[in-house]
Amino acid sequence: MTTRAIRLMQRQWRKLRRGRTAVIGIPYTWLLIFFLLPFLIVLAMSFRVVMPDGITLSNLFNLSDGETANFTLKLSNYWRLFTERYYWETYVYSVIYAAVTTAICLFIGYPFAYFMARAPKTIQPLLLMAVMVPFWTSFLLRVYAWKGLLDANSGWVGMLIHSLGLDSLLVHMGLISNPGQYLYTSLSLLLGMTYTYLPFMILPLYGTLSKMDHRLLEAAQDLGATPWQTFWKITVPLSVTGVVAGSMLVFIPCIGEYVIPKLLGDPSILTVGQTLYDEFSSNNDWPMASSLAVVMIMIIIVPMALFNNAMAKEEKR
């Protein structure tokens with residue numbers, strides 16, 4: 001190999017390394033600036049407390065005698081989170097409503113995504129468009145629309161529920177407090193969040209199911225498997241990645257949701273989003289609000305990290 005060829009290969013290798021560095025570095029830089037740095041600011045804020053004057057905050061670093069530097073972390077905010085019932089109930093209610101919404105979206109979205117994936121190729125773009133059309137309308141307007149739809153006197157959804165005689169069942173399930181009262185209840189909150197986040201469940205499931213090798217289904221049928229056995233032993237295991245992706249896309253924003261509980265939810269229902277707003281604005285307690293946000297992020301990130309680690313180990317096997 002000539003010297004010129006070696007130099008050419010070295011030049012191409014350097015270009016390849018620069019391109020790889022740029023491709024990897026740009027997303028990491030974005031995460032560093034817009035996620036890690038703000039999170040560190042919020043984390044530092046959570047270890048401070050509001051001073052007696054109600055305006056200034058305690059310092060993390062103090063100089064005593066002009067020479068000795070002291071680093072002080074106030075843990076009182078985190079202590080309050082786990083000892084005061086108001087705060088830990090906020091997390092419990094938020095997780096419960098987020099989990100129920102995720103389960104409902106999965107129950108509704110999986111059959112729809114399965115139907116989309118098995119539909120003729122000419123119809124699939126139309127079905128995909130039907131899922132994405134709600135995104136063309138303002139999120140706030142769609143949430144406000146449910147206030148009219150659930151009105152027992154003029155909303156067709158409220159009148160339909162009443163005509164079907166479901167009031168007693170909903171009262172027994174604890175979703176509404178009184179017959180005919182559908183707004184500002186657990187029912188309206190779940191309906192609003194399910195409607196809003198259902199497309200985030202359907203789209204990942206459709207992407208996974210549409211790529212599935214249908215020859216596996218045919219092979220299972222040739223071996224004597226029933227359609228139900230084929231679905232549970234072939235289709236469901238192959239769509240786990242779509243189920244997990246859709247569940248994450250629904251569960252994560254539902255935990256911190258503020259607009260839907262504010263407009264449709266029962267005022268007595270405690271959610272993290274509303275509590276954060278109250279601490280920031282009404283109470284003007286930024287350190288406490290930062291502690292709430294940090295714990296909420298940990299509730300989301302830790303299970304995701306554990307799951308990704310388990311999936312990575314499974315793939316290595």
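**Cavity, pocket and selected residues**

The largest cavity holds about 50 Å³ of space. The model is a predicted one, and it contains 1 cavity of 30 Å³ or more. The largest pocket has a volume of about 190 Å³.

**The largest cavity**

- The residues lining the largest cavity are Ser94, Tyr97, Ala98, Leu189, Met193, Cys254, Ile255, Pro261 and Thr271.
- Two or more lining residues come from each of the helices α3 (85–118), α8 (186–210) and α11 (240–255).
- Helix α3 provides the largest share of the lining of this cavity, with 3 residues.
- Sorted by class, the cavity lining has 7 nonpolar residues, 2 polar residues and no charged residues.

**Pro261, a residue of the cavity lining**

- Pro261, one of the residues around the largest cavity, is part of helix α12, which covers residues 259–264.
- The relative accessible area of Pro261 is 4%; residues under 20% count as buried, so Pro261 is buried.
- Setting aside neighbours within four places in sequence, the contacts of Pro261 are Leu189, Thr271 and Gln274.
- Among these contacts of Pro261 are Leu189 and Thr271, which also line the largest cavity.
- Pro261 and Gly192 are 69 residues apart along the chain, and 8.6 Å separates their C-alpha atoms.

**The largest pocket**

- Around the largest pocket lie Ile108, Phe112, Ala130, Val131, Pro134, Trp146, Leu191, Thr194, Tyr195, Leu198, Pro199 and Ile202.
- Helices α3, α4 (124–132) and α8 each give at least two residues to the pocket lining.
- Helix α8 makes the largest contribution to the lining of this pocket, at 6 residues.
- The pocket lining consists, by class, of 11 nonpolar residues and 1 polar residue, with no charged residues.
- Helices α3 and α8 each supply at least two residues to the pocket lining, and they also give two or more residues to the lining of the largest cavity.

**Helix α2**

- Helix α2 runs over residues 76–83, and its buried residues are Asn77, Tyr78 and Leu81.
- Viewed down the axis of α2, these buried residues fall within an arc of 95°, so they line one face of the helix.
- An α-helix has 3.6 residues a turn, so residues three or four places apart point the same way.

Key
Residues numbered from 1 in each chain as written. Predicted model: local features only at pLDDT ≥ 70, side-chain atom pairs only at ≥ 80, totals over all residues. Heavy atoms only, no water. Buried < 20%, exposed > 50% of the residue type's maximum accessible area, 1.4 Å probe, protein only. Helix = DSSP H or I, 4+ residues; strand = E, 2+ residues; numbered from the N terminus. Arc of directions from axis to C-beta. 1 Å grid on protein atoms, 1.4 Å probe; cavity = no way out; pocket = protein on both sides within 12 Å on 5 of 7 lines; lining within 4 Å. Points joined across faces, edges and corners; volume = space filled by probe spheres on them. Nonpolar A, V, L, I, M, F, W, Y, C, P; charged D, E, K, R; others polar. Contact = heavy atoms within 4.5 Å.
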